[in-house]
Amino acid sequence: MNRHVLSVLVENHSGVLSRIAGLFSRRGYNIDSLSVGETENPNISRMTITVSGDDYMLEQMKKQLNKLINVIKVVELQPEKSVYRELVLLKVKADLTHRAAIIETINIFRGNIIDVSNETLTVELTGDFGKIAGFTELMAPFGILELVRTGFTGLQRGNTQLAE
């Protein structure tokens, strides 16, 4: 199964997220990641939906999404023509024996330490899936205490716009 990223423009009012999540649920498709926010137009929101599946499933979901009255436009973001980012907040054990190694790793990944205690560091990091996965893999041996991710968000590169 391939991973697909859909960028969906929708009307910005209550119930739209529920209808879209229900559409995926009724057809038995799992949403791997979802991020939603208002666009430059306050009447429109952009959803970035990450799903895993074959090309047939993707075409069916795009057709079903386009049938919903609150959906304005659906586009699959192609990896080579798009930029993706995700935010992760991660709290890791950081006693004095490991603190320097952890800080060095954070610096390599261009993360930011946003909270410090005697025993922990809390880090914010943005990046694509590979960067986030690589960072969490390196932090795991130190002891990840908590982790939260925002979900993927993305835009097409260059002059291409997901216009109404």
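**Entry 1: Lys 62**

I began with Lys 62 and found that, leaving aside its neighbours within four places in sequence, it is in contact (heavy atoms within 4.5 Å) with Leu 6, Val 74 and Glu 76. The model is a predicted one, in which I take local features only at pLDDT of at least 70 and side-chain atom pairs only at pLDDT 80 or more, while totals for chains, interfaces and linings use all residues. I count residues from 1 along each chain as its sequence is written, and side-chain values use heavy atoms, with hydrogens and water left out.

Lys 62 lies in helix H2, where helices (H or I, at least four residues) and strands (E, at least two) are DSSP runs numbered from the N terminus. I noted Lys 62 as buried because its relative accessible area is 18%; the classes are buried under 20%, exposed over 50% and partly exposed in between, with a 1.4 Å probe and protein chains only. The side chain of Lys 62 also makes a polar contact of 3.4 Å with that of Glu 59. A polar contact is a pair of N or O atoms within 3.5 Å; within protein, one must be able to donate a hydrogen and the other to accept it, and residues adjacent in sequence count only if both atoms are side-chain atoms.

**Entry 2: helix H2**

I then checked the length of H2 (residues 55–67): at 1.5 Å a residue, its 13 residues should span 18 Å, and the end C-alpha atoms are 19 Å apart, which agrees. The expected span is 1.5 Å times one less than the number of residues.

Which residues of H2 are buried? I listed Met 57, Leu 58, Met 61, Lys 62, Gln 64 and Leu 65. They cover an arc of only 165° around the axis, which puts them on the same side of H2; the arc is that of the directions from the helix axis to the C-beta atoms. An α-helix has 3.6 residues a turn, so residues three or four places apart point the same way.

The buried residues of H2 pack against strand E1 (2–11), helix H1 (16–26), strand E3 (44–53) and strand E4 (71–77), whereas the face turned away from them carries the exposed residues Asp 55, Tyr 56 and Lys 67. At the N-terminal end of H2 I found Asp 54 as a cap, with a side-chain oxygen 3.3 Å from the backbone nitrogen of Tyr 56.

**Entry 3: two loop residues**

Asn 41 is found in the loop between strand E2 (31–38) and E3, and I recorded it as partly exposed because its relative accessibility is 22%. A polar atom of the Asn 41 side chain lies 2.9 Å from the backbone nitrogen of Asn 43.

I also looked at Arg 110, in the loop between helix H3 (99–108) and strand E6 (112–116), where phi is near 55°, a positive value in a residue other than glycine. Arg 110 counts as exposed because its relative accessibility is 72%.
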